[in-house]
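Me: I have a protein model open and would like to go through it slowly. Could you help me read it?

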Amino acid sequence: MSQLTIKVNGQTVHGNSREPLLHQLEKAGLRPEFQCRTGMCGACRCKLKAGAIDQGDAMAFIAPNEVLACCSIPKSDVDVEFDYQLASLPETKKAVGTN
Ligand code: FES
């Protein structure tokens with residue numbers, strides 16, 4: 001399955017089964033917390049409420065119902081929840097012509 005749906009904190013975004021969850025959320029304009037992006041620090045942990053992920057060699061301590069967004073690749077539609085409100089990237093400013 002390539003195309004799938006990622007529900008995050010009640011918001012739905014398009015996703016895929018090829019890239020880490022953190023990267024996909026960033027591409028959707030969201031800004032989950034992160035530090036190492038390699039599964040070491042735990043800053044990107046979130047609750048997996050539904051769905052399946054493939055989590056590589058995560059080293060950070062996480063609870064049984066948590067995943068590390070930086071190294072978790074969705075394998076189905078997923079529903080995840082961060083315990084804080086996700087910031088959104090500012091909209092790209094439109095280019096202003098100069099005369
Ligand atoms: S950002 Fe460090 S474990 Fe994900």
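**Strands, sheet and core**

Me: Which residue is the bridge partner of Val 8 in E8?
Reply: The bridge partner of Val 8 in E8 is Val 80. Before we go on, please keep in mind that this is a predicted model, in which local features need pLDDT of at least 70, side-chain atom pairs count only at pLDDT 80 or more, and totals for chains, interfaces and linings use all residues. Residues are numbered from 1 along each chain, as its sequence is written.

Me: How do E1 and E8 pair, and over how many bridges?
Reply: Strand E1, residues 3-8, and strand E8, residues 78-81, pair in the parallel sense over 3 bridges, where two strands are said to pair if DSSP finds at least two bridges between them. Within this pair, Lys 7 stands opposite Asp 79 in E8.

Me: What do the letters mean, and how many helices and strands are there?
Reply: The protein has 1 helix and 9 strands, and read along the sequence they follow the pattern β-β-α-β-β-β-β-β-β-β. Helices (H or I, at least four residues) and strands (E, at least two) are DSSP runs, numbered from the N terminus.

Me: Which strands form the open sheet, and in what order?
Reply: The open sheet has 5 strands in the order E2-E1-E8-E4-E6, with mixed pairing. Strand E2 (11-16) and strand E6 (66-68) each have a single partner strand and stand at the edges, so one side of each is left without a neighbour in the sheet. From one strand to the next, the twist averages 40°, with axes taken as lines fitted to C-alpha atoms (for helices over the stretch in contact) and angles running from 0 to 180 degrees between N-to-C directions.

Me: In what sense do E1 and E2 pair?
Reply: E1 and E2 pair in the antiparallel sense over 6 bridges, and Val 8 stands opposite Gln 11 in E2. The hairpin of E1 and E2 has 2 residues between the strands, and in it Asn 9 takes a positive phi near 50°.

Me: And how do E4 and E8 run, parallel or antiparallel?
Reply: They run antiparallel, and 3 bridges join E4 to E8. Val 80 turns up here too, as the bridge partner of Leu 48 in E8.

Me: Which residues of E8 are on its covered face?
Reply: Val 78 and Val 80 make up the covered face of E8, whereas Asp 79 and Glu 81 make up the uncovered one.

Me: Changing topic, which residues touch the most other members in the largest nonpolar core?
Reply: That core has 15 residues, of which Leu 22, Leu 68, Ala 69, Cys 70 and Val 80 touch the most other members. The elements that give two or more residues to this core are E1, helix H1 (21-27), strand E4 (45-50), E6 and E8, and H1 gives the most, with 3 residues. A nonpolar core is a set of buried Ala, Val, Leu, Ile, Met, Phe, Trp, Tyr and Cys residues joined through C-beta atoms within 7 Å.

Me: Why would such residues sit together?
Reply: In soluble globular proteins, nonpolar side chains tend to be buried together.

Me: Is Cys 44 buried or exposed?
Reply: Cys 44 counts as buried, because it has 25 C-beta neighbours inside 10 Å. A residue is buried if 20 or more other C-beta atoms lie within 10 Å of its own, exposed if 12 or fewer, and partly exposed in between, with C-beta atoms placed from the backbone. Cys 44 is found in the loop between strand E3 (30-31) and E4.

Me: What is Cys 44 in contact with, leaving aside neighbours within four places in sequence?
Reply: Cys 44 is in contact with Leu 22, Pro 32, Glu 33, Phe 34, Leu 68, Ala 69 and Cys 70, leaving aside those neighbours. Two residues are in contact if their C-beta atoms, placed from the backbone, lie within 7 Å.

Me: And Phe 61, buried or exposed?
Reply: Phe 61 is exposed, because it has 8 other C-beta atoms within 10 Å, and its place is in the loop between strand E5 (53-55) and E6. Phe 61 and Gly 42 are 19 residues apart in sequence, and 6.7 Å apart in space from C-alpha to C-alpha.
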